[in-house]
Amino acid sequence: MEGATSMKTETEAGETQLPRTHSQVKIRGPSASDAAAVWELVQATPSLDGNSPYAYLLLCSHFADTGLVAYQGGELVGFLLGYARPDVGSTAFVWQVAVAEPARGQRLASRLLDAWFARCARRSDLRYLEATVTPSNKPSRALFESFGERHGASMREGVAFRTALFPGEVQHEDELLVRIGPISPSKAFAPVTPAREPKRDDGSRRG
Ligand SMILES: CC(C)(COP(=O)(O)OP(=O)(O)OC[C@H]1O[C@@H](n2cnc3c(N)ncnc32)[C@H](O)[C@@H]1OP(=O)(O)O)[C@@H](O)C(=O)NCCC(=O)NCCS
């Protein structure tokens, strides 16, 4: 198991360069030229809703300030796309986050989430993180719970979109809302904590 970063820096361009010790994973803001690779990673990730390539072009360009991509050896190994909720103040919304299967369990999603929230908080004064999770997606829930714990923030839960709101021919679980915060800027900017052994689905740690 690799150690997670204990230090990271962000350049003017919003690029977060992680220490070389973490297998040269480079995290930076997205641009339109990343959208095709993001779309391909989504296609390879069955638990995610697929969207059109055009949707990823919009998110990677118009919402580039609230997104991150992670590359290792020229390959996209993870991404997080979101936006500041236009209807709810101070709230950064995670639309989709994914890590390529071989790169999972190394805290990459946690590092993306921490770097993303710090970037959002610094630029747009955002203090809450929201996301939706489906009841069956345990890794997704664990990711957000872990974020809340790390930042000493409480997590409130509700229902975002009920099954009945999806088209009849689409089998879709309820999308439950998680809302985490408030997160103080100093906590949001704190370096990512060292790696812990990830949990298995049954809650035990991988050994
Ligand atoms: C969810 C996902 C992004 C997590 O990526 P990851 O890099 O493996 O996650 P991390 O290593 O940062 O782990 C974050 C937390 O989740 C836990 N976790 C990760 N995978 C888990 C699993 N399969 N079962 C239970 N817990 C898990 C980790 O133990 C860690 O919790 P901890 O800090 O208490 O130890 C990844 O599994 C994925 O891409 N899934 C498919 C896409 C998806 O469902 N995205 C979420 C909805 S948009």
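1. D125 counts as exposed because it has 11 C-beta neighbours inside 10 Å (a residue is buried if 20 or more other C-beta atoms, placed from the backbone, lie within 10 Å of its own, exposed if 12 or fewer, and partly exposed in between). D125 lies in the loop between α3 and β7 (128-133), and its phi is positive, at about 60°, although D125 is not a glycine. Helices (H or I, at least four residues) and strands (E, at least two) are DSSP runs, numbered from the N terminus.

2. The model is a predicted one, in which local features need pLDDT of at least 70 and side-chain atom pairs count only at pLDDT 80 or more, while totals for chains, interfaces and linings use all residues. Residues are numbered from 1 along each chain as its sequence is written.

3. The chain has five helices and nine strands, and from the N terminus on its elements run β-β-β-α-α-β-β-β-α-β-α-β-β-α. Of its 207 residues, 34% count as buried. Among contacts between residues at least 6 apart in sequence, 59% join residues at least 24 apart, two residues being in contact if their C-beta atoms, placed from the backbone, lie within 7 Å.

4. Helix α1 (residues 35-43) and helix α2 (residues 53-61) have axes that come within 8 Å and cross at roughly 125°; axes are lines fitted to C-alpha atoms, for helices over the stretch in contact, and angles run from 0 to 180 degrees between N-to-C directions. The two helices are therefore oblique to each other (angles under 35 degrees count as roughly parallel, over 145 as roughly antiparallel, 65 to 115 as roughly perpendicular and the rest as oblique). The contact is made by A35, A36, V38 and W39 of α1 and by P53, Y56, L57 and C60 of α2, and its residues divide into eight nonpolar, no polar and no charged (Ala, Val, Leu, Ile, Met, Phe, Trp, Tyr, Cys and Pro count as nonpolar, Asp, Glu, Lys and Arg as charged, and the others, Gly among them, as polar).

5. In α1, the residues A35, V38, L41 and V42 are buried; seen down the axis of α1, its buried residues fall within an arc of 120°, so they line one face of the helix, the arc being that of the directions from the helix axis to the C-beta atoms. What covers them includes α2, β4 (67-72), β5 (75-84) and β6 (91-99). In α2, Y56, L59 and C60 are buried, and seen down the axis of α2 its buried residues fall within an arc of 95°, so they too line one face of their helix. The buried residues of α2 pack against α1, β4, β5 and β6.

6. α3 and helix α4 (residues 138-150) pack at an angle of about 50°, with their axes 10 Å apart, and are therefore oblique to each other. A109, S110 and L113 in α3 meet L143, S146 and F147 in α4, and the residues of this contact divide into four nonpolar, two polar and no charged.

7. R119, in helix α3 (residues 108-124), counts as buried because it has 23 C-beta neighbours inside 10 Å. The C-alpha atoms of R119 and L68, 51 residues apart along the chain, are separated by 9.5 Å.

8. Two further backbone features deserve a look. Most residues other than glycine have a negative phi, and most peptide bonds are trans. S90, in the loop between β5 and β6, has a positive phi of about 60° although it is not a glycine, and S90 is partly exposed, with 15 other C-beta atoms within 10 Å. The peptide bond from G181 to P182 is cis, with omega near -5°, and P182 is found in the loop between β9 (175-181) and α5 (185-188).
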